[in-house]
Structures are given as C-alpha cells and as structure tokens.
Amino acid sequence: MDERKRIFSGMRPTGRLHYGHMAGALINWVKLQNEYNCFWGIVDWHAMMSDYADPSKVKENCYEILLDWLAVGVDPEKSSIFIQSHVKQHAEIHLALSMITPLGWLQRCPTYKEQILNLQNKDLSTYAFLGYPVLMAGDILLYKSWGVPVGEDQSAHLELTREVARRFNGFYGEVFPEPETLLTPAAKMPGTDGRKMSKSYGNSLQIAEDMETIWGKVRTMMTDPARERRTDKGTPEKCPVWDVHKFFNKDAQELAEIHEGCLNAGIGCVDCKKKLMAHLTEMMDPIQKRRAELAKRPDDLKQILETGAARARKVAEGTMENVYSAMNLIH
Ligand code: SF4
C-alpha cells in the first residue's frame, strides 16, 4: 500500500491537449508523481455533461488525452492513470454527496454561469450540469485526497469541495479530509491571438501537432501592435510571443537579449519567433517521438488504463465503505 499523501486531478476528454495544458498542469504533474501518490483521471463523465447529445468523440478523445499525458512524461509506474467511468465509485459518491449539497451553492458557483455563456451552442440546462461541481467534489473526496493541483480559475471549485466535505462530516462524522489547494505556478498561457490559449478559441498549439504546423501558427502569431515595421520599438510585456518565450525558453541570457532587442528594435519579430521555435522544437521533439511510438501500442494503452483503474478502485472501495457506514446504510 502506497503510504504517500494522495493527490487527485483530472481532465475532460473533449479534444487533444495543447501547450497551455502542458505548462498549466502536466509539467507539474510529472514533478508531483515523484513525491505523492497521484491519481490522474480522464474524467469522461464530465465530458458527457457537455457532450451528451453527441458523445461520438468521447472514446477517441480519452485515448488522445492518454497519449498526450504519457508523451509529456506522466508515468503509469509512478501514478495511477485511469478513466473515471471505469471506477464506478465516482458515480456512487456523486449520488451520496448530492444528498447533502444545497442547491444554492451550485447556482452561485461562478464557473457554472461562465460555462453556460462559453458553451452557448450546447443546451446545458440539465440536472447533471448544475451538479458538475458535486461530481468534481466526489472525484477528489473519493481518494481522500490530501491536495489538488489547480489553476487559479479552478480554486472556487475546490473551495466548494471543502464545503461539501465539511457538511458531510458535520452530518455523519469525520470521513473526509479537507483537501489543500496546490496552486499551479504557471500563469495563463496566451494563444496565437493573445487571448488565453483554448481549444474553443481556435488559438492553440497542440501537443500532437508537428513542428511545421506549429511554425505556421507561431509565424502568424500576434505580436506587440506597436511593431508594425521592423524599425518600430516594442514592449515585450504587450506581446504574447514573449509570454510563450517565458514559459519555454530556459536560456536566461537569450531572453534578456530578446527583451532588450524588442525595446530598441534590435531584433525583428520573425527572428524572435524563430528563436522561440528552436526552443519549442527541442522540447517537443522527444515528446512527439514518444507519442508516435505509444500510438502504435493500443494494447499497452489499455493495460495502463486497467492497471490504473484497479489501483484507483482499491482506494475508492475503502472510501465508499466509510461513506455507507457513516450514512447508516446497510451495505
Ligand atoms: Fe514580440 Fe518578439 Fe516582436 Fe518583441 S520582438 S514584439 S517580443 S515577437
């Protein structure tokens, strides 16, 4: 039995992952798995909440996400990687927690209104979608997680998870620890148009894309609008290319030169982008090779998911025993 502190996090299988996922979560997961007992869920029930009318891509997306995770370095030997619906206790705990979660907490949840606005092409006026944060709370509490790595935009959900845990414990006795927020250090990664990188904005650089495609996107990426001509001076802090440099360019001296060169028009935007591409290529080359190799081994991918789900179920069964007993149900 792994005695290390447990951590849970998940991603919805709604499409291939992009560099923002890598900088905002995956690079951190790769570090965390060396220190903690990590459970990483491909949360297909969450995808169903928004894609219920057309779930034809969910299965394929689960494998795409798995490939992205493994390629970046999430290691099935060090952490448990599984599909949420393969661990039935996620659905059970969702139901149990639904009993005690006040409707007002969900209606007030800031991301609920935001998601309804963002996904206007989908009818999200469902019972399940309102209960989305309860399922999320269940995902975390099922593993009695000590901590959850989240970006700042997810911290409201985690607060709700803690409130649900407190309320459950208040009714039935101490079952759930209140999980800590492990704030992911990365700030928001900009996309090619300067807005936050997001699949739905069509501005993302995807992990699976070859470098030629990536260069096509980086070449036309927005820069500081003040630099209309090569001789115009610019401000790196107003340029999304600079933000991406800061994420992926580890050469401090080159960064300083680019910063200075932008301020005094000593470097052109195309050269600046070429330098960025050199760093992206160096980083992505092994990742893409690994991804291509893994894609040829579907049986191994299935095995990874089976092993991960078996490990997850072991913990989940124990938690559900505690839940049934605390709620005074015959089980
Ligand atoms: Fe952006 Fe680089 Fe051009 Fe400056 S030189 S505006 S940082 S792309």
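1. C272 is buried, at a relative accessible area of 12%. Buried here is under 20% relative accessible area, exposed over 50%, and partly exposed in between, with a 1.4 Å probe and protein chains only. C38 is buried too, at 0%.

2. This is a predicted model: local features need pLDDT of at least 70, side-chain atom pairs count only at pLDDT 80 or more, and totals for chains, interfaces and linings use all residues. Side-chain values use heavy atoms, without hydrogens and water, and residues are numbered from 1 along each chain as its sequence is written.

3. Take a disulfide as a pair of cysteine sulfur atoms within 2.5 Å. The count is then 0. C38 is in none; its nearest cysteine sulfur, on C62, is 20 Å away.

4. A nonpolar core is a set of buried Ala, Val, Leu, Ile, Met, Phe, Trp, Tyr and Cys residues joined through side-chain atoms within 4.5 Å. The largest one has 55 residues. Y19 and W69 have the most contacts inside it. Helix α3, residues 58-72, gives the most to this core: 9 residues. A second, separate core has 44 residues, including L97, C109, L141 and M327.

5. Which residues does Y19 contact, leaving aside neighbours within four places in sequence? Among them are M189, M197, L205, Q206, F248 and M284. Contact means heavy atoms within 4.5 Å.

6. Helices are DSSP runs (H or I, at least four residues), numbered from the N terminus.

Note on methods
Helix = DSSP H or I, 4+ residues; strand = E, 2+ residues; numbered from the N terminus.
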